[in-house]
Amino acid sequence: MKTIFGTRRLLRVFSPLWWRHRNTANLASLQDVMKLPEKKRRSVVSPLEDLEKLLSLDVDRTNFRVFDPTIEEIVEAEKYFRSAGKHVIDYLTSAVRMDHVPELQQPEVCFIGRSNVGKSSLIKALFALCPGVEVRVSKNPGHTKKLNFFKVGKAFTLVDMPGYGYRAPEDFVEMVEEYIQERHNLKRTFLLVDGTIGIQKADLIAVEMCEEFGIPYVIVMTKIDRCRPAVLLTEFMQIHDFIKSQTSGCFPQPFLVSSLHFSGIHLLRCFIAHITGNLPKVS
Ligand SMILES: Nc1nc2c(ncn2[C@@H]2O[C@H](COP(=O)(O)OP(=O)(O)OP(=O)(O)O)[C@@H](O)[C@H]2O)c(=O)[nH]1
Ligand SMILES: [Mg+2]
């Protein structure tokens with residue numbers, strides 16, 4: 001009995017899979033993240049901080065933390081991502097054409113990117129504190145076929161979009177471009193780029209579209225758990241420099257996320273609450 005217990009315990013202590021599972025199962029809430037050892041906590045709340053250590057001191061870091069909320073502000077923002085009382089988070093409706101989209105006054109943000117880049121997974125991670133909200137993800141590219149609207153009480157709406165590139169829906173251009181160009185309450189477009197491979201040709205077309213329409217957008221690097229830190233840092237710096245030199249409507253600070261490990265998710269929740277006007281005190 002003692003031997004079995006001892007072996008199990010050893011396995012638990014040394015198995016990276018167990019460690020990973022134990023950590024990721026609880027990390028949707030900041031309260032649980034704060035219980036982690038400091039290094040691990042930092043990598044979840046502020047993934048860029050870990051990477052920065054690999055940079056030489058002379059690298060210009062001016063736009064690394066344009067958005068830099070306090071922990072209290074992140075906690076405040078998290079309240080919007082929990083259903084409580086009259087504040088109900090839920091799937092609202094889907095649309096395939098502009099004349100099918102719901103008429104809403106509340107601020108809206110949408111998520112675009114190549115098929116399979118992790119748009120639906122990111123929304124699922126943002127809503128992980130509301131297990132009743134179903135967001136479908138798939139390993140097969142081209143899974144999301146419609147604009148899917150998720151209502152976050154009366155505070156804002158998140159819109160999951162079909163991906164561009166491989167297996168995009170035939171009417172993608174009409175559906176997505178019209179929405180982005182015409183949606184009066186769209187406050188920000190999140191353009192997701194695979195953090196393991198950086199900006200691809202199809203992403204450049206999306207950037208061009210955002211620039212041409214003159215809409216405010218933000219680049220989010222996804223799947224950072226799949227990438228070695230040195231590779232991720234190189235991709236990050238390339239995107240950081242690209243934003244500075246080639247764009248005018250893009251937020252200067254790229255965000256880093258892992259929907260699997262919840263890295264960067266708490267910061268992004270806070271950013272969404274902020275840009276939709278729900279955290280007036282954050283500058
Ligand atoms: N390791 C890892 N895998 C991820 C992450 N985000 C998404 N994935 C995986 O990537 C695949 C695609 O994820 P989705 O969220 O469905 O991608 P999507 O961008 O919505 O794809 P479409 O709807 O087809 O455009 C799934 O197998 C996810 O599990 C992440 O942060 N880390
Ligand atoms: Mg999807």
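What follows is a short chat about salt bridges and surface patches in a predicted model.

Reader: How many salt bridges does a search of the whole structure find?
Author: The search finds 15.

Reader: Which residue does Glu108 form a salt bridge with?
Author: Glu108 pairs with Arg183, and the closest N and O atoms are 2.7 Å apart. Glu108 lies in strand S2 and Arg183 in the loop between H8 and strand S5, so the pair ties together parts 75 residues apart in sequence.

Reader: Are those two buried or exposed?
Author: Both Glu108 and Arg183 are buried.

Reader: And what about Asp203 and Arg114, where do they sit in the chain?
Author: Their side chains meet in a salt bridge at 3.9 Å, N to O. Asp203 is in helix H9 and Arg114 in the loop between S2 and helix H7, 89 residues apart. Asp203 counts as buried because its relative accessibility is 0%, and buried means under 20%.

Reader: Arg136 and Glu134, buried or exposed?
Author: Both are exposed. Their side chains also form a salt bridge, 3.1 Å from N to O.

Reader: Switching to the surface. Which residues gather in the patch of negative charge?
Author: Glu170, Asp171, Glu174, Glu178 and Glu182. Glu170 is in the loop between strand S4 and helix H8, and counts as exposed at 85% relative accessibility.

Reader: Which residues form the nonpolar patch?
Author: Met34, Ile71 and Val75 do, with about 210 Å² of accessible area together. Met34 sits in the loop between helix H3 and helix H4 and is partly exposed, at 32% relative accessible area.

Reader: Last one: what does the UniProt annotation cover?
Author: In the unreviewed UniProt entry, "domain: EngB-type G" covers residues 105-278. Over that range the chain is 35% helix and 20% strand.

How values were computed: Residues are numbered from 1 along each chain as its sequence is written. Chains are lettered from A and ligands numbered from 1 in the order in which they are written. This is a predicted model: local features need pLDDT of at least 70, side-chain atom pairs count only at pLDDT 80 or more; totals for chains, interfaces and linings use all residues. Side-chain values use heavy atoms; hydrogens and water are left out. Patches are made of residues with over 30% relative accessible area and no salt bridge: like charges are joined within 9 Å, nonpolar side chains (Val, Leu, Ile, Met, Phe, Trp, Tyr) within 5 Å. Accessible areas come from the Shrake-Rupley method with a 1.4 Å probe; for residues, only the protein chains shown count as cover. A salt bridge is a side-chain nitrogen of Lys or Arg within 4 Å of a carboxyl oxygen of Asp or Glu. Lys and Arg count as positive and Asp and Glu as negative; His and the chain ends are not counted. The place of a charge is taken as NZ of Lys, CZ of Arg, CG of Asp or CD of Glu. Helices (H or I, at least four residues) and strands (E, at least two) are DSSP runs, numbered from the N terminus. Buried means under 20% relative accessible area, exposed over 50%, partly exposed in between (1.4 Å probe, protein chains only). UniProt positions are given in the numbering used here, feature names are shortened, and annotations may be inferred rather than shown by experiment.
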